[in-house]
Amino acid sequence: MSKRFAQVKEELLKQRRDLLYEVSNSYETCREIGQDGVPDIGDMSSVAYSRDVLFNLSETQRRRIHDIDVALEQIEKGEYGICMSCSEEISPRRMEVRPFSRYCVECKTDIEKYGE
Ligand SMILES: [Zn+2]
């Protein structure tokens with residue numbers, strides 16, 4: 001494994017750890033809200049709202065963790081930084097901004113337009 005990949009891998013693993021930590025924290029908060037005795041109707045809606053926010057938050061985080069997992073897998077396979085659609089190299093600048101990119105800018109634009 002090249003030094004550059006080793007560095008990226010370390011960064012990805014760190015991001016993954018942070019995300020897992022955040023997710024487990026949200027679950028903890030969720031549980032606390034759920035155990036909040038018997039609230040009146042006014043409180044009920046705010047409880048439902050917080051649960052929604054937490055759920056959406058953790059959904060985004062779960063997706064991010066998946067992206068990171070795929071990137072880590074690609075590092076192992078030596079395919080990191082290669083577009084999964086056209087097999088061209090993704091610009092290093094893009095990989096720097098978003099280390100778990102799976103597609104080059106052109107393919108990503110197409111996918112956003114026409115779906116994966
Ligand atoms: Zn591409």
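Between which two helices does the loop with Ser 87 lie? Ser 87 sits between helix H2 (41-77) and helix H3 (92-97).

## Model and numbering

This is a predicted model: local features need pLDDT of at least 70, side-chain atom pairs count only at pLDDT 80 or more, and totals for chains, interfaces and linings use all residues. Residues are numbered from 1 along each chain as its sequence is written.

The term pLDDT is the predictor's confidence in each residue, from 0 to 100. The protein chain averages 82, and 73% of the residues score at least 70. H2 has the lowest confidence, at a mean of 77, and H4 the highest, at 93. Where pLDDT is low, the predicted coordinates should not be read in detail.

## Overall fold

The protein chain has 4 helices and 0 strands. The order from the N terminus is α-α-α-α. Helices (H or I, at least four residues) and strands (E, at least two) are DSSP runs, numbered from the N terminus.

Two residues are in contact if their C-beta atoms, placed from the backbone, lie within 7 Å. Among contacts with a separation of 6 or more, 55% join residues 24 or more positions apart.

## Burial and core

A residue is buried if 20 or more other C-beta atoms lie within 10 Å of its own, exposed if 12 or fewer, and partly exposed in between; C-beta atoms are placed from the backbone. Of the 116 residues, 9% count as buried.

The largest nonpolar core holds 5 residues: Val 8, Ile 68, Ala 71, Tyr 80 and Phe 100. Such a core is a set of buried Ala, Val, Leu, Ile, Met, Phe, Trp, Tyr and Cys residues joined through C-beta atoms within 7 Å. Leaving aside neighbours within four places in sequence, Tyr 80 contacts Phe 5, Val 8, Ala 71, Gln 74 and Ile 75.

## Backbone details

Ser 87 has a positive phi of about 65°, although it is not a glycine. Most residues other than glycine have a negative phi. Ser 87 is exposed, with 10 other C-beta atoms within 10 Å. Its C-alpha atom is separated by 8.7 Å from that of Tyr 103, 16 residues apart along the chain.
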